[in-house]
Amino acid sequence: MLAYRLSQDAFFDDKSILVIDKLKDKGNDRTWCFWEDGEGEWDDLLTKTWPKIFFGSTSFSSTISISPYSYKMIRSEVFYNALWETVSAKPNFTFTEDTVDDFKDLNIGVQVITEKGTYVCSKLFNSLPNAKVYASQKKFPVLNQHFLGWFVKTKQQLFDDSIATFMDFTVPQKENTRFMYVLPINKNAALFEYTLFSKDLLDYKDYENAIIEYLELKGIKDYEIIEKEKGSIPMTSFKFSELNSKNILNIGTAGGWTKASTGYTFKNTSKKTKALVNFLKTEGDLSKFHKKTKYWFYDLIFLDVLAHHNEEGAQLFSSMFRKADVKTIFKFLDEESSFIEDLKIILAVPPKRFLQTFFRRLF
Ligand SMILES: Cc1cc2nc3c(=O)[nH]c(=O)nc-3n(C[C@H](O)[C@H](O)[C@H](O)COP(=O)(O)OP(=O)(O)OC[C@H]3O[C@@H](n4cnc5c(N)ncnc54)[C@H](O)[C@@H]3O)c2cc1C
């Protein structure tokens with residue numbers, strides 16, 4: 001997305017830009033969803049949009065109209081192809097399929113060591129995961145949003161494709177925060193994603209069994225699995241920005257652009273890359289790009305609660321969806337809320353744990 005934005009702006013036409021990735025053709029390795037108010041930049045690439053979402057738990061369930069927002073889905077192959085078409089047309093961009101082993105800010109530039117050779121550049125934008133760094137610290141808990149998804153096709157028309165199941169916590173919680181996420185593409189096909197917000201990943205079979213059980217519970221017996229998707233997204237308030245330097249900026253998940261409390265990254269990346277392109281026109285020190293906001297602290301408290309009381313996630317989200325308006329929740333998670341709106345969310349979650357955690361972090 002950053003390469004695409006740089007290629008679209010004539011300001012960078014005289015810069016020589018190299019994109020290194022160990023794999024260019026990644027196909028449908030991700031299904032990205034996000035909510036958006038009205039029309040958006042990526043609308044031509046969407047696979048599906050939903051005007052309503054379903055939230056479910058044992059204490060509160062509701063189908064909610066999210067207008068003026070809609071929930072949007074992009075499949076990665078269409079996205080990669082469309083963006084590469086624009087980038088490849090620019091003569092100042094080169095792509096090389098290579099594996100990066102190491103990189104270092106030498107102050108006068110950056111050295112990048114790959115399997116095939118060594119490069120020197122003036123600025124590096126790095127999206128390689130740096131899990132060891134945040135896994136080895138104790139200050140900020142690291143949860144994972146981990147999931148397995150099955151694209152399921154049925155002969156009968158079994159799905160209401162006007163509703164995306166955002167979170168269904170009616171699945172057994174087993175001392176964790178576990179939910180099912182269901183995205184019907186049409187009346188005969190849907191993505192069922194068994195998802196956890198927790199520290200440890202499960203055995204592959206456990207995700208599969210949970211999807212099988214859920215399908216059975218919903219009376220879906222005769223189905224074909226047409227595709228599978230698996231992922232694990234870090235959820236942490238670790239200060240990724242401290243890994244940036246004058247000439248190296250970590251971007252995407254590696255740069256902390258994943259919303260720590262939800263794992264959503266796509267829309268934030270869309271906003272950040274736009275801001276970054278403008279920043280680069282006037283500023284040379286990449287370590288100045290990051291700005292700390294109040295949301296860093298909100299996410300920190302939220303993740304502390306989930307890390308220490310992982311079994312209470314269902315109750316926490318249920319309380320939020322029962323008491324707060326979904327549009328306020330979306331605005332808050334998009335980091336675009338006013339202080340009054342923040343208060344509405346803060347008052348919608350069970351206070352005990354949050355107050356305990358808040359005071360623990362404060363002192
Ligand atoms: C299956 C899945 C579904 C997701 N769904 C959503 C969603 O619905 N909504 C949302 O907001 N977010 C979602 N996310 C989170 C996030 O949007 C994606 O992970 C997103 O792709 C992150 O972008 P990125 O650029 O940080 O990393 P990536 O897209 O993972 O890009 C990193 C790149 O680095 C390359 N690479 C890795 N190691 C090396 C190396 N040593 N040398 C060279 N190249 C290397 C990889 O090939 C890859 O192309 C999802 C993530 C996954 C995994």
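Is E312 buried or exposed at 16% relative accessibility? E312 counts as buried, because its relative accessibility is 16% and buried means under 20% relative accessible area, exposed over 50%, and partly exposed in between, with a 1.4 Å probe and protein chains only.

Before I continue, a word on the source. This is a predicted model, in which local features need pLDDT of at least 70 and side-chain atom pairs count only at pLDDT 80 or more, while totals for chains, interfaces and linings use all residues. Residues are numbered from 1 along each chain as its sequence is written, and side-chain values use heavy atoms, with hydrogens and water left out.

Let me begin with the salt bridges. A salt bridge here is a side-chain nitrogen of Lys or Arg within 4 Å of a carboxyl oxygen of Asp or Glu. The search of the whole structure returns 20 of them.

E312 pairs with R353 in a salt bridge whose closest N and O atoms are 2.8 Å apart. E312 sits in the loop between α6 (294-308) and α7 (313-323), and R353 in helix α10 (residues 351-362), so this pair ties together parts that are 41 residues apart in sequence. Helices (H or I, at least four residues) and strands (E, at least two) are DSSP runs, numbered from the N terminus.

A second salt bridge joins D334 to K267, with 3.0 Å between the closest N and O atoms. Here the loop between α8 (326-333) and α9 (339-346) supplies D334 and helix α5 (residues 266-280) supplies K267, so the pair ties together parts 67 residues apart in sequence. Both D334 and K267 are buried.

Phi of E335 is near 60°, a positive value in a residue other than glycine, and E335 is partly exposed at 33% relative accessibility. N107, in the loop between β8 (100-105) and β9 (110-114), likewise has a positive phi, near 75°. N107 counts as exposed, at 52% relative accessibility.

Next, the strands. Six of the seven residues of strand β2 (residues 31-37) are buried. β2 pairs with strand β6 (residues 69-75) in the antiparallel sense over seven bridges, where pairing requires that DSSP finds at least two bridges between two strands. Within this pairing, D37 stands opposite Y69 in β6. In the loop between β5 (62-65) and β6 we find P68, and the peptide bond joining S67 and P68 is cis, with omega about 10°.

Finally, what lines the largest cavity? Its lining consists of P234, T236, F240, T253, G256, W257 and T258. On a 1 Å grid over the protein atoms alone, a cavity is a set of points where a 1.4 Å probe fits but cannot get out, and lining residues have an atom within 4 Å of a point. The search finds one cavity of 30 Å³ or more, and the largest cavity has a volume of about 40 Å³. Its lining divides into three nonpolar, four polar and no charged residues.

Methods: On a 1 Å grid over the protein atoms alone, a cavity is a set of points where a 1.4 Å probe fits but cannot get out, and a pocket is an open set with protein on both sides within 12 Å along at least five of seven lines; lining residues have an atom within 4 Å of a point. Grid points are joined across faces, edges and corners, and a volume is the space filled by probe spheres set on the points. Ala, Val, Leu, Ile, Met, Phe, Trp, Tyr, Cys and Pro count as nonpolar, Asp, Glu, Lys and Arg as charged, and the others, Gly among them, as polar.
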